[in-house]
Amino acid sequence: MRNTAGWPPLALVLVLIAVGDLFIALADSTSRRGGSGGQVLFWTGIVLVALPSGIYVASRGPARDQRFAVVVTAGLGFYITKVLYIPGGFFESDEYVHFRTARDILSSHALFSFNPLLPEASHYPGLPAVAAIFSRASGLSLPTAALVVVGVSRFVLIGALFALLCRALRSDRAAAVATLIYAANPNFIYWSSQFSYESLALPLLAFILLLLIMRFTQPTRWSDEVILSLAILASVITHHLTSYLLCVILVVASAVAWRRRAEYVPAVAATVAVVATVLWVTLAAPVTVPYLGAIARNSLQHTIDLLAGSSAPRKLFTTATAAAPVWERVVGITSTLVLVAALLWSLPRLWKSRGRLSAAMVGLILAGCVFPLTLPFRLVASAQETANRSTEFLYVGVGATIVLALCIASSHRGARRATGAISIVGGLMLTFLIIGGVTTGTQYSERLPPSAEAHAFPDQLVNSEIAADRWASSHLPRGTRIAGDAVGRLGLATYGRQRTIWPPADGVTDWQVMLPPAVTPEVVRLIRKGQIGYVFIERRLSWGLPSIGYIFNRGEPEDGTRRRPLRPSVLEKFAGGHGVDVIYDNGYESISKVAGIW
Amino acid sequence: MTSPSKPALAAVVAVVCAAIVILAAGRPALSAFPAFLLAFILPGASARRWLPLAVDGGERWVLMVGASLVLSILAAVPSVLLPTWREQAWAVILATICVAGGVSSSMSQAGQSPPQPTRRLACAAALAVAVVILEAGAYWIAASSVGDHSGPGFTSLEMLPSSGQLLVTVTNHEREPTIYALTVREPGKGDVRRVIRVPSAGSWSLTLANAVPGTTARLASRAGRTETVSYGGP
């Protein structure tokens, strides 16, 4: 390890990253207490993590180990942003899906238990199994164990990407900059940090690609093939789409290596990936095929509708209840345009050097080229999630492509002067891209925790709701169906261990029971049909409008167009009457037994 | 960055042996730190001979942790299927990997790195401690604000209308016994104030004769925190 001369010193950078997290903690705390200034503290924290890291890795002095230390610490610093949002808890709905699977694994000693929040998720048990077992072995609570598992995964993701890019770009400076460009992907700070199978699958994919590129670039041993195969198997049981992508990458890599008569052809790895994926989908997870097929069909249909003019484009930077400030929209759009422009500038330069590019680099460039093609899909309501989530994969290519072109351009021009200025400009640019990523990836109103005192619609689980769920867990029989609102179901299915309604299987939807103004004969019929034993009433649903657009289910009446809050009388219709018995009431939430009207 | 050396491997084997002894004694769980080491560091560290050759410390750490993560996942899935002792089965599988890999690596010179200067290691350790303290401070700030309002460490007040009665339950989720002032106001009646002591992780209940909508219970702790709930709506 060589000594580093110049500024900023490594120690200062690492301490500033930690101070940045302190600011973010203050922002969350301020917001939770209903104070003002949370957004300013939040952005100060983000800049304190991003700017020193960016300047440091863009400068020429640091050694490879030092750059590694900074990119990994920055990656973990950004991960802690999500942890600080809700310490010891969850906030994204996907987290509750896997929380439920992990609890089922612990209580049933079985895989693939029915998960009423998303049945398909329990067929990929890699993440919940390891979190559940780690929780039991360590004595930590399940949310805390989940936090540790995802944190370790984040370390592997960033470290593996940096090592991978070092080998692909043959420069640790370029690799560090490309890794921080990756950190600018819109999902990096919040979405990829949640307790969800993709948060483990993506690091496994990066780890597998690192093992693969190591096999191409250095003498190999049979044991390398074993660890590669084990990593592939772990990936296959963790996430569906990542395992499919892995198959494609390994098959293409095998074909290219075979055609180039390379010393190593990853045929064994490709065979393991394809066979394991096919076997898993066929034997353990056949339900994912119709699930993913429906998502693809919806995306295609809505895209066609948009092109035909029969549906309106999705509004960017807005939720049903809030819109981002103008400066955030400007930064979000500009940062995306900067990346697209940089890609367009890079491609002709790389084309001239195509003969010298490695197969791995060609793969990364192709991935980078796909990114601009996904942008129009952000305007399509049902396709935007796929487009948004693809950035977690494509930004690896985006960063590598742009940085390699910059390296080629600077070597041609002999740009070796004013390196201090270059590193500062580079750091500022990286910070700008990361801020842009945050503004496009996470809605303004969802970036900081809501005030516990606010008289507003509960977009997330709150204290009293969790208390009600825990009461349900200890007092209600397991397996009886319970209807509730979209947020309430998350708590009931996890903390409450209840069987919430799953419309495709139960033939009834929560809104059909909950939205009518009275217990009409039709409501009674639906309660009978769905064999609903209990209903969960959250009175705060009448305090405002939901940011996601719907209260109970996607597709309910006035989904996305609701202008007035729900009337309290709608919620109070289960407060009594024939066959209805209020069995729990804490002032905000109540649970009524409705099995008596079957 | 440092790489595992022979003393580290000896420590690995010692920790794993200790884990096996603890498990053999039937203790329900390892504590957090040994479990963390066993799950995410030791399998890869002890089996480093079988990992690809890394060019530096950073890459070596990625390979170690990545391999450990892979092995932990693969060991977890069969372990959960066992009817009992599943977490112990997981730990034993990982510990076996650690022992086998550690012994194997100890017998080989492959992958060893030169010793790190003591001063540099001390500086790195001091820096790591400083960063960890700051991050822990950030977590404490965020967690303490959650503790006031939601999540772990809260006090809840529940009403359970049953047989025309109203059950007021005060649950103490704090780590220590806590004294509260509970004020109950029923419509048409005056306030009834009681001082109650609720044990740690315990609860205290009061049954009111009539479940009258509008009944309000207000709970105040000596620290000044208050919670108010009312039956039949806020």
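Modeller: Let's begin with the charged pairs: between chain B and chain A there are 3 salt bridges. Please keep in mind that this is a predicted model, so every value here is computed from predicted positions.

Start at Glu59(B). Glu59(B) makes a salt bridge with Arg167(A), and the closest N and O atoms of that pair are 2.7 Å apart. Glu59(B) also forms a salt bridge with Arg64(A), where the closest N and O atoms are 3.0 Å apart. Because Glu59(B) lies in helix H4 of chain B and Arg64(A) lies in helix H3 (residues 64-85) of chain A, this pair joins two chains. Are these two partners buried or exposed? Both Glu59(B) and Arg64(A) are buried.

Next, step back to the whole contact. Chain B contributes 75 residues and chain A contributes 81 residues. The size of an interface is often given as the accessible area lost when the parts come together. Here, the area buried between chain B and chain A is about 6,800 Å², and carbon and sulfur atoms give 72% of that area. There are polar links too: 10 residue pairs, with both residues at pLDDT 80 or more, are in polar contact across the interface of chain B and chain A.

Which elements of chain B supply at least two residues each to the side that touches chain A? They are helix H2 (32-40), helix H4 (57-81), helix H5 (86-106), helix H6 (118-149), strand E1 (155-162) and strand E7 (226-230). H4(B) gives the largest share of that side, with 20 residues. Sorted by residue type, the side of chain B that touches chain A divides into 49 nonpolar, 17 polar and 9 charged residues.

Now for salt bridges elsewhere. Over all chains, a search of the whole structure finds 21 salt bridges. One example involves Arg215(A) and Glu225(A), whose side chains meet at 1.8 Å, N to O. Arg215(A) sits in helix H8 (residues 197-217) of chain A and Glu225(A) in helix H9 (residues 222-236) of chain A, so the pair ties together parts that are 10 residues apart in sequence. Arg215(A) counts as buried because its relative accessibility is 8%, and Glu225(A) is buried as well, with a relative accessible area of 14%. Another example is Arg562(A) with Glu558(A), whose closest N and O atoms are 4.0 Å apart. In this pair, Arg562(A) is buried, at a relative accessible area of 9%, whereas Glu558(A) counts as partly exposed at 43% relative accessibility.

For context, let's visit a strand in chain A. Strand E3 (residues 532-538) of chain A has 7 of its 7 residues buried, so this strand is largely enclosed by the rest of the structure. What are its neighbours? Strand E1 (residues 481-483) of chain A runs parallel to E3(A) and is joined to it by 3 bridges; Ala483(A) stands opposite Val535(A) in E3(A). Strand E5 (residues 589-593) of chain A pairs with E3(A) in the antiparallel sense over 5 bridges, and Glu538(A) has Glu589(A) in E5(A) as its bridge partner.

In the loop between helix H21 (521-529) and E3 of chain A you will find Gln531(A). Gln531(A) has a positive phi of about 50° although it is not a glycine, and it is partly exposed, with a relative accessible area of 42%. Arg261(A) also has a positive phi, about 55°, without being a glycine. Arg261(A) lies in the loop between helix H10 (240-259) and helix H11 (267-284) of chain A, and it counts as exposed at 76% relative accessibility.

Finally, look at Ser254(A), which is in helix H10 of chain A. Ser254(A) is buried, with a relative accessible area of 10%. The side chain of Ser254(A) reaches the backbone oxygen of Leu250(A) at 2.8 Å. Leaving aside residues up to four places away in sequence, Ser254(A) touches Val265(A), Pro266(A), Ala267(A) and Ala270(A).

Notes: Residues are numbered from 1 along each chain as its sequence is written. Chains are lettered from A and ligands numbered from 1 in the order in which they are written. This is a predicted model: local features need pLDDT of at least 70, side-chain atom pairs count only at pLDDT 80 or more; totals for chains, interfaces and linings use all residues. Side-chain values use heavy atoms; hydrogens and water are left out. Contact means heavy atoms within 4.5 Å. Buried area is the accessible area (1.4 Å probe) that two parts lose on being put together, summed over both. A polar contact is a pair of N or O atoms within 3.5 Å; within protein, one must be able to donate a hydrogen and the other to accept it, and residues adjacent in sequence count only if both atoms are side-chain atoms. Helices (H or I, at least four residues) and strands (E, at least two) are DSSP runs, numbered from the N terminus. Ala, Val, Leu, Ile, Met, Phe, Trp, Tyr, Cys and Pro count as nonpolar, Asp, Glu, Lys and Arg as charged, and the others, Gly among them, as polar. Buried means under 20% relative accessible area, exposed over 50%, partly exposed in between (1.4 Å probe, protein chains only). Two strands pair if DSSP finds at least two bridges between them.
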